[in-house]
Amino acid sequence: MSLNTGDTVPRFFALIPAAGVGSRMKTSCPKQYLELLGKPVLWHCVEAFLACEEIGRVCVVVSPTDIWLDRIRALHPLLDDGRVCFLRCGGMTRRETVLNGLDAMCHEWAPDDRVLVHDAARPGLTPELIRRLVDTVAVSPDGGILALPVADTVKRRKDDRVETISREGLWLAQTPQMFPCALLREALARYEQVTDEAGAVEAMGMNPLLVEGHLCNTKITCPSDLALVEMLMKAGKGR
Ligand SMILES: Nc1ccn([C@@H]2O[C@H](COP(=O)(O)OP(=O)(O)OP(=O)(O)O)[C@@H](O)[C@H]2O)c(=O)n1
Ligand SMILES: C[C@](O)(CO)[C@H](O)COP(=O)(O)O
């Protein structure tokens, strides 16, 4: 399948890295399994992708030692949807989890198919945001990500000094981050010191597009984030 000929269109797959321990949340179970609006945080992400018929597969990558996955299996008849699969190949870092998931599914994906990598800790993702990314980035060989432009004044603190830095052109990366499968797999295999998928693709010399996301797609990182994200989801913003 090649996008260059213009006679084929890529297929789209979601890969949800869900193998983190959520240490900053300081909860007894990983944050992706905490209940939010009656469902596990992780399941809100799965449901957003399942609501998009263009997403052909939803792969959730958990830790090999995950003991909470049954909370998902037991609660959701949607699992009958053949598109969902759970892979127990999470790694020690987010990058390893994503790379292991790509490797495990490489038999299903053609090189030019697109993978959308989305944090299990961003339950406020909506089908509208997914479609915004897909529609804007689908034909870009460099891929692209949801992100938010910085709206506040930015300060850098070093020891006891503070300096103001320009916010011009600064964006805060969100997910999904969407790339051609083969490109992302190569980039993550080649570059280990990256915090997100876009960083690896940038290291390959490419320029992923920035697509405006939404505050409702905030990552749950610290304890106060859970109530914030719940409020934003209830407000139904970002549609
Ligand atoms: N080895 C890892 C580390 C993180 N993640 C996933 O990457 C996403 C975003 O990472 P982050 O918010 O840092 O999650 P944690 O690493 O779990 O949080 P912490 O850094 O507080 O431990 C989460 O969905 C998390 O499950 C993963 O799949 N595998
Ligand atoms: C990928 C990401 O969501 C972009 O903002 C973020 O980097 C993931 O969180 P982490 O703490 O860096 O793993």
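Mentor: P176 has its place in strand β10 (residues 171-180); strands (E, at least two residues) and helices (H or I, at least four) are DSSP runs, numbered from the N terminus. The model is predicted: local features need pLDDT of at least 70, side-chain atom pairs count only at pLDDT 80 or more, and totals for chains, interfaces and linings use all residues. Residues are numbered from 1 along each chain as its sequence is written, while chains are lettered from A and ligands numbered from 1 in the order in which they are written.

Trainee: What is the peptide bond from T175 to P176, cis or trans?

Mentor: That bond is cis, with omega near 10°. T175 also belongs to the surroundings of ligand 2, together with R94, D119, A173, T195, D196 and K219; a residue is near a molecule if its C-beta atom, placed from the backbone, lies within 6 Å of it.

Trainee: How many residues of each class does the shell around ligand 2 have?

Mentor: Ala, Val, Leu, Ile, Met, Phe, Trp, Tyr, Cys and Pro count as nonpolar, Asp, Glu, Lys and Arg as charged, and the others, Gly among them, as polar. The shell around ligand 2 has one nonpolar, two polar and four charged residues. Ligand 1 is surrounded by 20 residues, of which P17, G20, S23, R24 and A120 are the closest; that shell divides into seven nonpolar, nine polar and four charged.

Trainee: Which residues have the most contacts inside the largest nonpolar core?

Mentor: A nonpolar core is a set of buried Ala, Val, Leu, Ile, Met, Phe, Trp, Tyr and Cys residues joined through C-beta atoms within 7 Å. A residue is buried if 20 or more other C-beta atoms lie within 10 Å of its own, exposed if 12 or fewer, and partly exposed in between, with C-beta atoms placed from the backbone. Here the largest core has 56 residues, and L15, I16, L42 and V115 have the most contacts inside it. Helix α1 (residues 41-50) supplies the largest share of this core, seven residues.

Trainee: Where is K26 found, and is K26 buried or exposed?

Mentor: K26 is found in the loop between β1 (12-17) and β2 (35-36). K26 is exposed, because 9 other C-beta atoms lie within 10 Å. Its phi is near 55°, a positive value in a residue other than glycine. L37, likewise not a glycine, has a positive phi of about 50°.
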